[in-house]
Structure formats: C-alpha cells, structure tokens
Amino acid sequence: MKKLFIPLFLLLYSSFAYAQNEVRSINIDPNSGHKIDVGSSGFNVRIADKVWSYTHPDLREAVHELQPGWLRYFSGTMGDAFNSATGQYDLDYAMMFDKSKQYLTGYEFTDVKGPHRITDLYQLLGEINGKLIVTVNAFSESPTITRELARFVKNNHIEVEAWQFCNEPYFYVPHRERYWWNSGYDYAQKMKPHADAILEVFPEAKLALNFTWDGIWGFMKEINLYQKEHGAFWNTFSKHSYAPHTGKKQTIEEAYKRANTKLLEATDKYAMEEIEAYTAEGIPMIITEFGVWNKPLNGIYSSVYHIEYVMRQLQHPNTRFVGAHEVSSKYSPKENFNQLIRDAFEKGEKLDTDSIRTGINRTLEGKAYKIFHEATNNSNFIYNTQIENGFKVDGMKGSQVDGNFAQAYRGINGFDYLVVTNRSTNSTSFELTLGGKPLKKELQIEYISAETLDTKNTDIKTEIGKEGKILVRPLSLTVVKWKSDTKPLIQSPRIYDLKVMENGVKAIWGKQNGVETYQIHYGKDSKKLKQKTSVVKGNEVEISGLEKGKTYYFQLKATNSYGELSYSTILSLDFSLPQSPRIFKTARRNNTATIMWESVAGAEGYLLKYVQENGKEVIVDTKNVFGYRVKDLQMDTNYAFSVAAYNGLGQSAFSADEEIILKKDIPYSPRNVSAKEMTNGDIKINWIAQKQNPPQTKYTVYRGAKLHEFEVLAENVEQEFYIDSSTEKGKQYFYTVKAKTEAGESNFYPNIATPLKANKGYSIEITSTKKDAKGDFIIDVAFKNILLDGEYSYGIVYSNISFLNVEEARVEGKALNTNSGTFQVILPKNKLQSKARFAIKAFVNTNGKDLFSPDSENIIQAD
C-alpha cells in the first residue's frame with residue numbers, strides 16, 4: 001500500500017486551524033463587480049510534436065469536453081519556426097535558431113500529419129463557440145507574410161480577438177547571446193511593420209506586444225521608452241507567467257511555499273499597477289501562457305493553482321483572456337504513436353494520422369478546467385466576493401499567506417456560479433450569503449480534492465447542497481451553481497463557415513445552449529437585410545436563389561424561449577467565382593519547393609499546378625491555405641508553378657507562372673546576426689555560419705535605413721564578420737546577412753541586427769573571470785567616467801541562461817579602488833546550479849541609477 005505523504009508543517013498548521021471555532025463564510029454582493037468576456041479562460045495549443053492535429057478525432061473530443069473559451073494559434077515556442085502560409089514547419093526557419101532540434105521534430109511531424117491549418121482550428125472553435133487569438137511569428141516571418149496571414153483571415157471570415165507579436169521575445173536578447181532585438185525598445189520598433197501590415201487589413205485590430213514573463217520587468221520598461229518617444233501602436237497588453245518556476249530543484253515543501261507566495265505576487269493589484277504604469281491605465285490584458293512549472297507540485301496542487309490563478313487575474317477589470325499552457329497537457333494522447341510518425345518520415349511513407357486513435361489521458365489539471373469552464377463559458381459578470389476567516393498557508397521566508405480564494409459569476413444561462421479554491425489541507429464548512437442573506441437555494445456542486453500534495457490524479461465528484469453551506473475540502477477546487485433570478489441571455493452567435501456552393505451559400509455556426517431557433521437574414525445591402533431563411537433548430541443552412549456575380553451580406557439571429565434576440569456580426573460574400581491568386585514568394589530546399597500566394601475572397605481552396613520542362617503537368621489540391629510545400633521534385637529541372645482558387649461555382653484562371661530550378665547546394669542563411677558600434681564609429685557585423693552549408697559558401701551583407709528595406713552592402717564575404725565603414729553619423733541602420741553559393745542565395749534573411757551603440761560617456765568592463773581553489777568565481781571589474789555620488793553600490797548581476805528562467809541575482813563587490821576605478825566580486829560556487837551557464841554583467845549604482853557593462857560580453861559555466 002502506498003504511503004501517503006503529508007508534510008509536517010501542514011499537519012501542525014491544520015491541527016491549529018481545526019482548533020479554532022471561527023465562523024467561516026463566503027459573501028457574494030450581486031450589486032457590485034465588473035464585466036468579463038464570456039469564455040475568458042482558454043489554452044495555448046501545442047500539438048505539433050504529437051500525433052494529434054486540429055482534425056484528429058481525439059483532440060476534437062478533448063476540446064469539446066474541456067470547452068475552452070479560446071485557443072491560441074500557433075502554439076508557443078514551437079511556433080517560432082512555423083510557416084503560417086503552409087501550416088507546416090520550414091527548415092529555413094528552423095535553422096535561424098540556436099536550438100533547432102524541436103523545430104526539426106515539428107518539421108517531420110507536420111510533413112507526415114499534414115498542415116495545421118488555421119481554418120481547421122477555427123472550425124473546431126466554431127463548434128464550441130470558442131474564440132481565437134493569433135500569435136504572429138515575427139521571429140522568422142516578414143511583415144509581407146504577416147499581411148498575407150491577415151488577408152487570409154479576412155477572406156475566410158475568421159474573427160481574431162487579439163494579435164500577439166512573438167512568443168516570449170524577451171529570451172532573444174544579447175545577454176542570452178541572441179540578437180533578435182537588443183532591448184524591449186528594439187523589439188517594439190521591429191514589431192511596428194508587422195502591426196502596420198495587420199492594420200492595413202483590420203484597422204480596428206487588437207494588437208498586443210508580448211511584454212514580460214514574470215520577473216522581466218526591465219524588458220517592459222524598455223518598451224515604455226519606445227512608447228514615450230513614438231507612442232503606442234498597440235492597444236493590448238500580453239504576458240506569460242510561470243511564477244512558481246525556479247532554476248533550482250526544490251523539495252515539495254519548498255515548492256509549496258514558493259508557489260503560495262508567487263501566486264499572490266503575480267496576480268495582486270501591485271503587479272497590475274506596475275503593468276499600467278508602463279503601458280496605459282486600464283489597458284486590456286491577455287495572458288497566452290501560464291503554469292506552475294515546478295515538478296513537485298504536479299497533480300492536485302497545480303490543478304488548484306491553475307484555476308485560482310485565472311480567477312485572481314480576472315479580478316482585474318481589464319483582464320480579457322487567460323490561457324494555460326497547454327490544452328494537450330490537460331487532456332493528452334493516452335497512447336504515444338510518435339515513433340510511428342518518425343518511422344513514416346524516414347521511409348517517406350504516407351500516414352493517415354487522423355485514423356490512428358490514441359484515446360485520451362484526462363489529467364487532473366484537465367478535470368479542474370472541465371468543471372471550471374462550466375462557469376466561465378456561461379458568465380459575463382463577476383460579483384464582488386469575500387471570504388471571511390479563510391485559511392492561511394505557509395509562504396516564502398516564514399510568511400503566512402492566503403490559502404484559498406472565491407469568485408462568484410453572473411450566468412447568462414439561467415444559473416449563477418461560485419468557484420472556491422483551497423490550497424491548504426484544512427477542511428470545513430463555509431456559510432454562503434448572497435446580498436447579505438443566506439443562499440438557501442439548491443446548490444449543484446462539483447469538486448476535486450485530495451488529502452496530500454503528492455496526489456497526481458483523482459475523480460471529479462458531485463453532490464447537492466441545500467442548507468446555504470458548502471464543505472470546502474482539503475487541496476480542492478469546488479464549483480457551485482444555482483438557479484439565477486435573472487432570465488437567460490444569448491451570447492452573440494457566430495457564423496464560422498460561410499462558403500459558396502453550386503446552388504447558393506452555406507452558413508454554419510456553433511449551437512448554443514438555451515437557443516431555441518436560428519435564422520439567417522441576408523441581402524445585397526448590409527443596412528437592409530430584407531430576405532431571411534426559414535427558422536432552423538440545427539446549426540447550418542443553405543441559401544439558394546442568389547444572383548451570380550453579386551455581393552451578399554449575411555447575419556445570424558438567435559432566439560431563446562424568453563424571446564431574447566441576439567445577432568452575429570454581418571459577413572459579406574460574393575456569389576461568384578473567386579479571382580486568381582498571385583504568387584508572392586518561392587523557396588527551394590533539397591527536393592522541395594515552397595510556394596506562397598495572396599489569398600482571395602470567396603475561395604474554398606486552391607489548386608497548385610506545376611509543369612516540368614518536359615511538359616508533364618501535376619495539379620495538387622492544397623485545400624485552404626496560402627502556401628504549399630511540394631515534395632519529391634527533380635534536381636536541376638525547370639518547374640513552372642501557378643495557382644488557381646476554387647469554390648462551389650468552379651475555379652479561377654491560374655496565376656502567372658513562377659519558374660523554379662532546384663539546386664543541391666542552396667545554403668541556409670547564417671544565424672544570430674549581430675551588429676556592434678566600434679569606438680571609431682564603424683559597425684562590426686558578426687554572424688554564425690551554418691555547419692550544413694558547403695565549404696565554398698560566401699555571404700552577402702545587407703543594410704537598410706528602414707526595417708525590411710535592404711540594399712546590398714557587401715558581397716562575396718568569406719569570413720564570418722564584416723566592418724561597415726560607410727555609415728553616416730547619427731543615422732539609424734539595420735543589418736542582416738544571407739548565404740550564397742553557385743547554386744543560389746539562401747531563401748530568407750535571418751534576424752535583423754540593430755547596432756549596439758558604444759557608450760562614449762562611461763565604461764564598465766569585466767576585465768577577468770577566474771576560479772579559485774574552492775570553485776568560486778573571482779570577477780575583476782574596471783570602470784571609467786562614473787562619479788560615485790551620494791549613496792552608491794557596485795557588483796555583478798548574474799542570471800541562469802541554460803533554460804527559460806528569468807530571475808536575476810546581485811552580488812555586491814568589494815575592494816573598491818576609486819583611484820584606479822576597479823573593484824572585485826566573489827561569486828560563490830554554492831549560489832550557482834551545477835553545469836548551468838550564467839550571463840554576468842557588472843553594475844555601478846550611483847545616486848539611484850544603475851549603470852551596466854555591455855550585455856553578452858561575459859558568460860560563465862558552473863562546475
């Protein structure tokens with residue numbers, strides 16, 4: 001029999017709490033609170049390296065059961081090498097990164113599974129009335145592709161709640177030996193062209209920079225410098241949060257205390273005040289990833305933490321959406337068929353992965369969300385809710401912090417909700433009051449609970465309460481609902497698929513609970529939709545009798561039994577053949593060719609035609625994408641590619657031809673391009689050569705005064721650096737580099753480097769780093785032209801860059817010599833995680849201002 005683990009500190013505190021005879025209550029004020037978005041809780045999606053795709057029946061079952069309010073396209077870190085045009089991974093994108101292995105896995109998997117199309121995800125979301133957030137891959141893709149993604153979204157009537165720029169940009173900065181952007185300021189200026197591209201298509205778009213990961217406030221403050229100088233082109237704030245994560249391994253007791261403290265810190269009013277101080281008061285907030293990420297807490301604690309984190313963030317009136325990482329870790333494939341996919345890729349075999357049933361492993365975190373989403377998917381308002389005499393739990397540094405939380409919701413479906421979390425091992429009844437009176441209604445209750453922190457999984461349980469009390473169990477999530485005194489409302493319905501058929505237009509929408517009937521109103525004038533379909537109880541209808549060549553407007557009306565009405569957004573569609581697309585980008589890699597085109601309105605899909613020089617013609621139905629990778633082509637053979645669009649009325653003419661000849665030695669672009677100003681004002685551009693490239697590879701250096709508008713600066717460069725001596729003083733430049741062989745130039749330019757300026761006003765330099773006999777680091781620092789005025793301090797800042805960790809620590813210096821401008825710092829071995837790599841920079845703080853040595857100049861590794 002398994003021995004249950006109950007930490008001693010929990011038992012002692014639990015015993016103390018039970019000795020108290022306090023009246024515990026949860027008080028709901030139905031007359032105060034704030035609105036929330038229906039479906040405010042959702043998920044990031046990471047399925048690229050699993051057998052699942054958006055069309056896989058087990059993923060679809062999982063999503064239908066979990067009922068997320070929204071999902072994110074495309075994923076998190078795995079989205080950094082994802083091609084939004086093809087819906088697959090791109091080898092050229094993958095090789096731009098220093099850790100490309102994960103992206104190469106994504107390449108193999110999507111090559112076998114087929115593309116992850118945004119239209120497929122949107123259809124799945126449409127079925128559950130879920131919403132969509134799009135993360136733009138501005139690491140690998142240009143604003144041209146971003147613009148075409150936005151155009152494709154518009155042409156397919158896809159509603160996007162917010163466009164987020166990049167996944168975790170703050171990890172791609174110089175002190176982590178990456179030069180995508182030098183700072184938050186540089187990141188903001190590099191996102192502006194992507195924002196402009198989206199605004200061309202959607203002038204009212206919600207745009208979000210990805211400002212921070214808990215603890216990286218500096219990056220957000222650097223973005224604020226851009227805002228002060230140029231104004232904000234964004235109108236939404238986004239962040240990621242893994243507050244309990246640490247670079248150290250922790251015991252379950254240490255992890256428990258840390259998480260209890262960090263949960264409150266990451267969600268309290270002071271965190272929101274700091275966000276608003278560096279953005280704008282009341283700025284809408286979305287969180288596209290969060291989690292516990294502290295292994296000892298996996299199971300019951302992480303499940304309770306997840307829900308409480310969402311609720312605490314929703315306490316802020318400007319919070320719109322909060323999403324956990326990630327849906328397929330909440331409900332995951334029960335059987336792992338990854339090797340089957342790898343084998344199929346190696347053999348070049350086709351595999352219908354949607355037919356491979358995996359079953360579903362329902363984790364405890366998933367079960368928590370299943371019962372929690374009952375509330376968030378059916379509510380539009382949070383009531384102010386207070387716990388009297390709630391539980392306390394141990395936090396960091398000997399503190400006692402709040403151990404539970406309660407939040408009540410106004411439902412739109414005839415029910416109201418109360419959700420209660422408990423991170424302690426205490427258990428007792430709480431009296432419920434609504435508007436100061438006992439809540440004497442029948443209570444339908446679902447909960448998960450465990451006696452000990454090491455519980456990994458358990459079942460959802462139900463009960464009925466009638467006495468105006470609920471039992472809050474140890475380590476638990478409790479969801480309570482009761483019949484509301486207000487009549488049900490209807491969430492705005494949404495047509496998620498509108499397509500031209502042979503005999504008319506077909507509209508499909510998601511069925512909603514409580515809706516009795518639907519009806520489509522339509523016409524040629526968007527302000528006078530005079531025609532309407534018959535009343536339907538299903539979720540689709542085909543509208544016939546339309547005039548070819550005319551534009552029609554469509555709006556869905558939903559009605560419930562109380563006579564309430566709700567209307568969808570008006571959509572337009574031409575009842576005609578689609579126009580011809582235009583190819584805007586081609587790329588060659590090995591025996592494949594990637595073709596990207598501008599999508600057109602009214603298309604249900606696209607036909608890609610390619611003709612060999614011998615006249616052999618092949619036509620591929622690419623389905624609904626705006627890019628496609630053709631495989632198994634012949635080397636040194638001329639191919640002519642063209643694209644046509646089709647819908648139910650037929651197909652357009654094919655586009656103009658684009659000719660491609662595949663060559664063996666097309667090189668990859670170098671990676672990690674950097675640019676640094678030298679003391680004489682010249683700019684030195686460095687890059688890292690790709691080992692896969694042939695030995696005769698040379699480089700072309702590009703320079704531009706505007707982002708993405710480059711001219712050749714130097715050609716046939718043989719070394720891995722170039723010095724630009726032709727700069728004009730005071731002028732801003734941007735640099736990138738492509739590789740070139742006799743076969744041609746690399747397909748895409750990699751990161752764009754902004755020159756790091758030489759600080760001519762002062763200098764701080766780490767002059768040496770060495771280890772003593774004990775393994776401690778002895779760090780010598782020299783500084784010039786710094787006035788030590790008023791209170792001052794000096795030392796080094798160090799951070800673990802071996803993995804995604806953001807905590808920085810300071811060590812004060814000693815042996816200050818003001819005459820020579822030197823000091824020394826001892827960084828003890830016991831402060832450093834074994835085998836980890838650390839970025840260090842020296843600092844001098846004088847008169848309240850930090851001055852630093854250059855980023856990325858010094859990296860050390862612990863024994």
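Y552 is buried, with a relative accessible area of 3%, where buried denotes under 20% relative accessible area, exposed over 50% and partly exposed the range in between (1.4 Å probe, protein chains only). F554 is likewise buried, at 0%. The ring centres of Y552 and F554 are 6.5 Å apart and their planes stand at 40 degrees, so the pair is tilted; rings of Phe, Tyr and Trp (its six-membered ring) are paired if their centres lie within 6.5 Å, and planes under 30 degrees apart count as stacked, over 60 as edge-to-face and the rest as tilted. The model is predicted, and local features therefore require pLDDT of at least 70 and side-chain atom pairs pLDDT 80 or more, whereas totals for chains, interfaces and linings use all residues. Residues are numbered from 1 along each chain as its sequence is written, and side-chain values rest on heavy atoms, with hydrogens and water left out.

By the ring criterion, the count comes to 53 aromatic pairs. One of these is formed by Y242 and W293, an edge-to-face pair with 5.4 Å centre to centre and 80 degrees between the planes. Y242 is placed in the loop between strand 9 (236–241) and helix 9 (252–267), and W293 in the loop between strand 10 (285–290) and helix 11 (300–314), so the pair ties together parts that are 51 residues apart in sequence; helices (H or I, at least four residues) and strands (E, at least two) are DSSP runs numbered from the N terminus. Y242 is buried at 8% relative accessibility, whereas W293, at 40%, is partly exposed.

Helix 8 (residues 217–230) packs with helix 10 (residues 269–277) at an angle of about 30 degrees, the axes being 10 Å apart; axes are lines fitted to C-alpha atoms, for helices over the stretch in contact, and angles run from 0 to 180 degrees between N-to-C directions. Helix 8 is thus roughly parallel to helix 10, a term for angles under 35 degrees, with over 145 counted as roughly antiparallel, 65 to 115 as roughly perpendicular and the rest as oblique. W217, M220 and K221 of helix 8 make the contact with A271, E274 and I275 of helix 10, contact meaning heavy atoms within 4.5 Å.

N318, in the loop between helix 11 and strand 11 (319–324), is buried at 10% relative accessibility. Apart from neighbours within four places in sequence, N318 is in contact with M272, E276, G282, I283, P284 and M285.
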